[in-house]
Amino acid sequence: MVLPANSAPRFAPSKPRAGAVSLVNDLWTYRGLVGNLAQRELKARYKRSILGWAWSLLNPAATLGTYALVFGVLLGAGSPPQGHGHLNSFAMFLFAGLVVWNFFSAVVNGSMNSLISAGPLLKKVYFPAECAPAANLLVALSQAVIEATILVVIMIAFGNGSPTMLMIPPLLIFVGIFAFGIGLVLSVANVYLRDVAYLVAVVLNLAFYATPIVYFESLVKKNAPKVLPVVNANPIYQFVKVMRDATYLLQWPSLASIAYIVVSSFTSFGLGWMVFRRYGERVSEAL
């Protein structure tokens with residue numbers, strides 16, 4: 001792997017890092033390596049594939065189509081009118097939520113396996129272990145940008161455009177920060193205990209259906225009002241609500257929602273950073 005001359009120092013044998021060195025500084029110093037790892041992952045993802053990058057569109061489209069058919073057609077789930085007030089589209093309402101969920105789950109799942117995937121390289125040369133999950137974050141972000149762009153294009157094509165869509169870039173950034181904090185913890189845990197991957201698969205599946213993405217908050221309010229505070233306390237749902245407000249309902253999110261996602265994002269990142277710093281220093285020895 002060739003690094004840009006101005007991006008990162010030459011590799012040295014593995015050694016403990018000073019605790020005072022921040023995670024952000026490490027990632028910035030090794031930004032060239034992070035970019036190269038991400039680029040390698042993107043190239044390997046569709047290697048020897050006939051359709052190649054088309055799968056980045058086909059996979060989310062297939063997921064959207066399946067949920068829209070099952071919940072929107074077979075189960076008759078409705079949706080509120082779009083911001084312009086002329087169209088009700090369950091598929092678009094669902095798509096706005098799936099963009100957030102797909103990004104979140106991609107960061108968590110990818111980060112969890114990133115250290116194991118980078119194990120052979122970590123054993124040979126020194127670089128901060130967090131570069132591996134950070135590279136995965138970039139890969140997941142590239143997919144999220146594609147999906148969000150498609151969402152915006154379709155919304156505008158149906159006359160449902162608004163300046164509120166300017167909320168999408170900062171929202172994706174905060175989703176990434178929130179998920180990255182969780183991913184840092186899981187990446188270390190999965191190295192020492194491989195059962196973590198199986199447990200996370202179960203938890204993510206439960207979390208998806210515990211988040212009003214394929215159903216609506218009003219359904220919870222009607223059938224299980226006591227659960228509603230728990231649903232609203234779910235940070236992922238707050239991200240989904242902001243995305244739907246910005247792209248589907250065309251309204252600015254409330255200050256309470258914005259404050260909640262900012263606080264939850266940096267809390268997740270801070271806790272993940274502390275755990276990773278404590279247990280990730282010698283992770284290469286456990287791989």
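Two or more lining residues come from each of helix 1 (23-29), helix 2 (31-45), helix 6 (131-157) and helix 7 (168-192). Helix 7 gives the most, with six residues. By class, this lining has 16 nonpolar, one polar and one charged residues.

This is a predicted model, in which local features need pLDDT of at least 70, side-chain atom pairs count only at pLDDT 80 or more, and totals for chains, interfaces and linings use all residues. Residues are numbered from 1 along each chain as its sequence is written, and side-chain values use heavy atoms, with hydrogens and water left out.

A pocket is an open set of points on a 1 Å grid over the protein atoms alone, where a 1.4 Å probe fits, with protein on both sides within 12 Å along at least five of seven lines; lining residues have an atom within 4 Å of a point. A volume is the space filled by probe spheres set on the points, which are joined across faces, edges and corners. Helices are DSSP runs (H or I, at least four residues), numbered from the N terminus. Ala, Val, Leu, Ile, Met, Phe, Trp, Tyr, Cys and Pro count as nonpolar, Asp, Glu, Lys and Arg as charged, and the others, Gly among them, as polar.

| Pocket | Volume |
|---|---|
| Largest pocket | about 480 Å³ |
| Second largest pocket | about 330 Å³ |

Of the 21 residues lining the second largest pocket, Trp101, Asn102, Phe103, Ser105 and Ala106 are closest to its centre. Helix 4 gives the most to this lining, with eight residues. The lining of the second largest pocket has twelve nonpolar, seven polar and two charged residues.

Helix 4 also packs with helix 8, at an angle of about 170° and with the axes 11 Å apart. Axes are lines fitted to C-alpha atoms over the stretch in contact, and angles run from 0 to 180 degrees between N-to-C directions. Helix 4 is therefore roughly antiparallel to helix 8 (angles over 145 degrees). Contact means heavy atoms within 4.5 Å. Among the residues making this contact are Trp101 and Phe104 of helix 4 and Val200 and Leu204 of helix 8. The contact has eleven nonpolar, one polar and no charged residues.

Technical notes
Angles under 35 degrees count as roughly parallel, over 145 as roughly antiparallel, 65 to 115 as roughly perpendicular and the rest as oblique.
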